[in-house]
Amino acid sequence: MAEQTTDVPDVSGLTIGILGGTGDQGKGLARRFSLAGHTVLIGSRSAERAGEAAREIGVRGAANADVAAEADVVIVAVPWEGHKALLESLREPLTGKIVVDCVNPLGFDKQGAYALPVEEGSAAQQAAAVLTGSRVVAAFHHVSAVLLLDPSVEEIDLDILVLGDDREATDVVRALAARIPGARGVYAGRLRNAHQIEALTANLISVNRRYKAHAGIRVTDV
């Protein structure tokens, strides 16, 4: 089990909302945070669809706008194609909140996964450009949805790289990462460095395909 960091705030009482929570990544994170004792809200464009996904893992579901308004911390886990439009529609309810972007802008062809160019530099920087009143943090890019959803996996062997320009916000997200048993949140730089973190997901997909694994990242000597 990873050594848990102690220089982080108590986040046990935070309500966590997950936009795009009907996908495997969103549901997996929702499941783990719920098991850790958090109130978790799953969001979708369709409140009905959100409710169906939420019932599968024992949390609450609602429309994205309602989740954005109610949650203390909001994780963005939507497909890249709808990323900017969704955030633009939720600018008001997300004002003042910590918004955690875990979206990986990737393309796929016969040679596998590859990073897509993003005008702002990265998905996280795009989120920050749209949500000028929010505290945007990049994290949870390399967490295997398969492992998160697997009830036989009690601990996730993973360091979660956390990036942002707001020290207090990145500390909160580091603490949330540590709420997942086995995982650890590691500060990995300013938001301007999110591109390579997002793009690294393509390399991990290649590792997983070659070795039939669910590879993650560990940072040594920290």
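Strand E2 is mostly covered, as five of its five residues are buried. Buried here means under 20% relative accessible area, exposed means over 50%, and partly exposed lies in between, with a 1.4 Å probe and protein chains only. Helices (H or I, at least four residues) and strands (E, at least two) are DSSP runs, numbered from the N terminus.

Before I continue, a word on the source. This is a predicted model, in which local features need pLDDT of at least 70 and side-chain atom pairs count only at pLDDT 80 or more, while totals for chains, interfaces and linings use all residues. Residues are numbered from 1 along each chain as its sequence is written, and side-chain values use heavy atoms, with hydrogens and water left out.

Let me return to E2. Val40, Ile42 and Ser44 point one way from this strand, whereas Leu41 and Gly43 point the other way, and all are buried. In a regular strand the side chains alternate between the two faces of the sheet.

Which strands pair with E2? On one side, E1 and E2 pair in the parallel sense over four bridges; two strands count as paired if DSSP finds at least two bridges between them. Ile18 stands opposite Ile42 in E2. E2, residues 40–44, is also joined to E3 by four bridges, and these two strands run parallel. Within E3, Gly61 is the bridge partner of Ile42, and Ala63 is the bridge partner of Ser44.

I turn to the helices around E2. Helix H1 (residues 24–35) packs on the sheet, where it touches strand E1 (16–19), E2 and strand E4 (73–76); contact means heavy atoms within 4.5 Å. The direction of H1 makes about 165° with that of E2. For such angles, axes are lines fitted to C-alpha atoms, for helices over the stretch in contact, and the angles run from 0 to 180 degrees between N-to-C directions.

E1, H1 and E2 make a right-handed β-α-β unit. A crossover is called right-handed if, with the strands pointing away from the viewer, the path from the first strand over the helix to the second runs clockwise. E2, helix H2 (residues 47–57) and E3 make a right-handed β-α-β unit as well.

The next strand to consider is E4. Four bridges join E1 to E4 in parallel, and Ile16 has Val73 of E4 as its bridge partner. Four bridges also join E4 to strand E5 (residues 98–101), again in parallel, with Ile98 of E5 as the bridge partner of Val73. From E4 the chain crosses through helix H4 (residues 83–89) to E5, and this β-α-β crossover is right-handed.

In E4, Val73 and Ile75 point one way and Val74 and Val76 the other, and all are buried. Val76 has 0% relative accessibility and therefore counts as buried. Leaving aside neighbours within four places in sequence, Val76 is in contact with several residues, including Leu19, His83, Leu87 and Val99. The C-alpha atoms of Val76 and Ala124, which are 48 residues apart along the chain, are separated by 9.6 Å.

How do the strands line up in the sheet as a whole? Eight strands form an open sheet in the order E3-E2-E1-E4-E5-E8-E9-E10, with mixed pairing. Strand E3 (60–63) and strand E10 (183–187) stand at the edges, each with a single partner strand, so one side of each is left without a neighbour in the sheet. On average, neighbouring strands of this sheet are turned by 30° against each other, direction ignored.

Phe140 lies in the loop between strand E8 (135–138) and helix H6 (145–149), and its phi is near 65°, a positive value in a residue other than glycine. Asp221, in the segment after helix H8 (194–211), also has a positive phi of about 65° although it is not a glycine. Is each of them buried or exposed? Phe140 counts as buried at 1% relative accessibility, whereas Asp221 is exposed, with a relative accessible area of 83%.

I close with the protein overall. The protein has eight helices and ten strands. Of its 222 residues, 54% count as buried. The C-alpha atoms fill a box of roughly 40 × 35 × 35 Å, taken along the principal axes. Finally, of the contacts with a separation of 6 or more, 72% come from residues 24 or more positions apart.
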